[in-house]
Amino acid sequence: MVATSIRRSGRIGNESAIPEATVRFTVDGKEIVAGARISQKSYETLKTGDVVQIRYASDDPRLIEVDAGINRKIALILGGVALASLGLFIFVFRKSWRFARNAIAVRNGGKRSLVKVTEHQAPMFVNQKKPTTRLVWLDGRGMECKSLEITKEAARSYRVGREIAIYELPNSNLDSFWEGDLWRT
């Protein structure tokens, strides 16, 4: 197998472009030209015209590997990314579902109380284009509770010291919920 070109695919000037090799070989008297990803090491050492070992699929010789196992490595990396994404999705879904379930239970079985906003708290993740904040209050048990995120513009209506309506279950370990959040669930 002869390497006919060694190049990087992707945008010009992009350091993360993918190294590829194109090779020419013969299978059953038929000339095949095919390309495949290669490792960074192969990219740095191979030159056009070099003879290289390849692996190809017997049913479709255009499916090749220049570096044995590189497709498996890529598949493992992509599988890991997919698994991490799935884990994050499940975490966010469960957290949202638990919030909604608890909020509805408190709204339906709890009592409505008026409490004062004690502070505005920045959220964990900040979005410069659409800044948000969370309202903070102390419920009837003296527990600090927080609202879902609201825009800073909307928060101006709920300055520190202003009374807001919350729902709480007095003999429960569930957090209290701001009325403004309950009607959004």
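What is the relative accessible area of Arg 112, and how does that class the residue?

A: The relative accessible area of Arg 112 is 48%, which makes the residue partly exposed. The class lies between buried, under 20% relative accessible area, and exposed, over 50%, with a 1.4 Å probe and protein chains only. This is a predicted model, in which local features need pLDDT of at least 70 and side-chain atom pairs count only at pLDDT 80 or more, while totals for chains, interfaces and linings use all residues. Residues are numbered from 1 along each chain as its sequence is written, and side-chain values use heavy atoms, with hydrogens and water left out.

Arg 112 forms a salt bridge with Glu 179, the closest N and O atoms being 2.9 Å apart. Here a salt bridge is a side-chain nitrogen of Lys or Arg within 4 Å of a carboxyl oxygen of Asp or Glu. Arg 112 belongs to strand 6 and Glu 179 to helix 4 (residues 179-182), so the pair ties together parts that are 67 residues apart in sequence. Helices (H or I, at least four residues) and strands (E, at least two) are DSSP runs, numbered from the N terminus.

Strand 6 (residues 111-121) runs antiparallel to strand 10 (residues 163-168), and six bridges join them. Two strands pair if DSSP finds at least two bridges between them. In this pairing Leu 114 stands opposite Ala 165 in strand 10. Strand 6 is also joined to strand 7 (residues 132-138), again antiparallel, by four bridges. Arg 134 of strand 7 is the bridge partner of Gln 121.

The structure holds four salt bridges. Another of them joins Arg 141 to Asp 139, with the closest N and O atoms 3.1 Å apart. Asp 139 is buried, at 6% relative accessibility, and Arg 141 is partly exposed, at 32%. Asp 60 and Arg 62 also meet in a salt bridge (3.2 Å, N to O). Asp 60 is partly exposed at 21%, and Arg 62 is exposed at 55%.

Arg 62 is one of the residues touched by Ile 32, along with others that include Val 23, Phe 25 and Pro 61, not counting residues up to four places away in sequence. Contact means heavy atoms within 4.5 Å. Ile 32 lies in strand 3 and is buried, with 9% relative accessibility.

Val 23 and Phe 25 are among the residues with the most contacts inside the largest nonpolar core, which has 14 residues. Strand 2 (18-27) and strand 3 (30-37) each supply at least two residues of this core, and its largest share, four residues, comes from strand 2. Apart from it lies another core, of 10 residues, among them Leu 135, Cys 145, Ile 150 and Trp 178. Such a core is a set of buried Ala, Val, Leu, Ile, Met, Phe, Trp, Tyr and Cys residues joined through side-chain atoms within 4.5 Å.

Leu 86 sits in helix 2 (residues 70-109) and is partly exposed, at 45%.
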